[in-house]
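Please look over the sequence and the fold below before reading on. The paragraphs that follow go through them step by step.

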Amino acid sequence: MPVNFIRRTFDRWLGQNLGRFRHPPIMVEQRKNYFVFRLRGITPHLRCFMGWKWHFHEKFKVCRNFIFGHAG
């Protein structure tokens, strides 16, 4: 699997869904197996982690629910 598969997939999804964000994401760190972003206009102490070895789907669901305020 390519090293940046998760980042490319997230970037593609973000390009299609950017209008859904009240506070657009800002990338703050990128490593081989993960990346971290925060939301513009919200405290920089709140960050979302996305990584292949850290249950990508579940971490994404948690961030999605926080960002959009629903579980759907």
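Which residues of H1 are buried? In this predicted model, the buried residues of H1 are Ile 6, Arg 7, Phe 10, Leu 14 and Asn 17. They lie on the same side of H1, because the arc they cover around the axis is only 100°. An α-helix has 3.6 residues a turn, so residues three or four places apart point the same way. The face of H1 turned away from this buried side carries exposed residues, namely Arg 12, Gly 15 and Gln 16. The length of H1 can be checked as well: its 13 residues, at 1.5 Å a residue, should span 18 Å, and the end C-alpha atoms are 18 Å apart, which agrees.

The helix is one part of a chain with 2 helices and 3 strands. Along the sequence these elements follow the pattern α-β-β-β-α. The chain has 72 residues, and buried residues make up 26% of them.

Next come the strands. E1 (residues 25–30) and E2 (residues 34–39) run antiparallel and are joined by 5 bridges. A hairpin of 3 residues leads from E1 to E2. Within this pair, Glu 29 stands opposite Val 36 in E2. On the C-alpha level, Phe 37 and Ile 26 are separated by 5.3 Å, although they are 11 residues apart along the chain. E2 also pairs with E3 (residues 48–51), again in the antiparallel sense, over 4 bridges. Here Phe 35 has Met 50 in E3 as its bridge partner. In a regular strand the side chains alternate between the two faces of the sheet.

Phe 37, found in E2, counts as buried because its relative accessible area is 1%, under the 20% cut-off.

Is Arg 7 buried or exposed by its relative accessible area? At 19%, Arg 7 is buried, since the cut-off is under 20%. Leaving aside residues up to four places away in sequence, Arg 7 touches Met 27, Gln 30 and Phe 35.

Two values describe the chain as a whole. Among contacts between residues at least 6 apart in sequence, 27% join residues at least 24 apart. The accessible surface comes to about 5200 Å², and 55% of it belongs to carbon and sulfur atoms.

How values were computed: Residues numbered from 1 in each chain as written. Predicted model: local features only at pLDDT ≥ 70, side-chain atom pairs only at ≥ 80, totals over all residues. Heavy atoms only, no water. Pairing = 2+ DSSP bridges. Buried < 20%, exposed > 50% of the residue type's maximum accessible area, 1.4 Å probe, protein only. Contact = heavy atoms within 4.5 Å. Expected span 1.5 Å × (residues − 1). Arc of directions from axis to C-beta. Areas by Shrake-Rupley, 256 points an atom, 1.4 Å probe, with all protein chains shown as cover.
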